[in-house]
Amino acid sequence: MTMTCCSVAVLGGVLSACAAKPSLYRWGAYEDIVYARYADADAFAGAGASASAGAGSDDAAATAAALLEQDLARTLAEGERAPPGVRAHLGYLYFEQGRLEEARALLEEERSTYPESTLFIERLLSRMGLS
């Protein structure tokens with residue numbers, strides 16, 4: 001009985017220590033937006049894109065960009081850090097819509113915020129013809 005009580009106490013302490021760890025970033029709806037855009041078109045259509053909008057449609061890109069803009073704005077307004085890739089992803093969505101200067105600005109912001117992305121961002125800018 002004593003061994004069981006000790007085991008439960010230790011397990012409870014371990015679990016509470018894991019749960020108390022704060023995240024480095026505010027992920028917000030980023031993962032849900034990306035998933036809906038690329039994997040679940042019906043759910044994404046309910047978020048604003050037309051039901052026939054696939055991953056490559058202009059409506060889907062515009063909807064995803066609008067949702068990511070809102071999520072990024074909220075993150076920054078709360079004084080939190082946006083996770084790696086959010087600005088790059090939004091920049092890519094802008095590129096898909098022909099918003100080239102906005103795309104370049106966000107990709108460069110991603111590079112300066114996360115220097116480890118420099119090589120990736122430089123290649124992406126080059127392939128997009130924005131370098």
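Let me begin with how the model is to be read. It is a predicted model, in which local features need pLDDT of at least 70 and side-chain atom pairs count only at pLDDT 80 or more, while totals for chains, interfaces and linings use all residues. Residues are numbered from 1 along each chain as its sequence is written, and side-chain values use heavy atoms, with hydrogens and water left out.

I turn to the overall layout. The protein chain has seven helices and zero strands; helices (H or I, at least four residues) and strands (E, at least two) are DSSP runs, numbered from the N terminus. Of the 131 residues, 31% count as buried, where buried means under 20% relative accessible area, exposed means over 50%, and partly exposed lies in between, with a 1.4 Å probe and protein chains only. A contact requires heavy atoms within 4.5 Å. Among contacts between residues at least 6 apart in sequence, 51% join residues at least 24 apart.

Next, the salt bridges. The term denotes a side-chain nitrogen of Lys or Arg within 4 Å of a carboxyl oxygen of Asp or Glu. In general, side chains of opposite charge can pair when their charged atoms come close. The structure holds 10 salt bridges.

Which parts of the chain does the pair R26 and D71 tie together? The side chains of these two residues meet in a salt bridge at 3.1 Å, N to O. R26 lies in the loop between α1 (2-19) and α2 (30-38), and D71 lies in helix α4 (residues 58-77), so the pair ties together parts that are 45 residues apart in sequence. R26 counts as buried because its relative accessibility is 12%, and D71 likewise counts as buried, at 10%. R26 and D71 also belong to a network of salt bridges that links them with R74 and E78.

A further pair involves R99 and E69, whose side chains form a salt bridge at 3.4 Å, N to O. This pair links distant parts of the chain, with R99 in the loop between α5 and α6 (100-113) and E69 in helix α4, 30 residues apart. R99 also forms a salt bridge with E102, the closest N and O atoms being 2.7 Å apart. R99 is partly exposed, at 25% relative accessibility. E69 is partly exposed too, at 29%, and so is E102, at 36%.

My next residue is R87, in helix α5 (residues 86-96). Is R87 buried or exposed? With a relative accessible area of 6%, R87 is buried. Its side chain makes a polar contact with the side chain of E109 at 2.8 Å. A polar contact is a pair of N or O atoms within 3.5 Å; within protein, one must be able to donate a hydrogen and the other to accept it, and residues adjacent in sequence count only if both atoms are side-chain atoms. Leaving aside residues up to four places away in sequence, R87 touches several residues, including L72, L76, L106 and Y114.

Finally, helix α5 also meets α2. Residues Y30, V34, R37 and Y38 in α2 meet V86, H89, Y92, L93 and E96 in α5. These residues divide into six nonpolar, one polar and two charged; Ala, Val, Leu, Ile, Met, Phe, Trp, Tyr, Cys and Pro count as nonpolar, Asp, Glu, Lys and Arg as charged, and the others, Gly among them, as polar.
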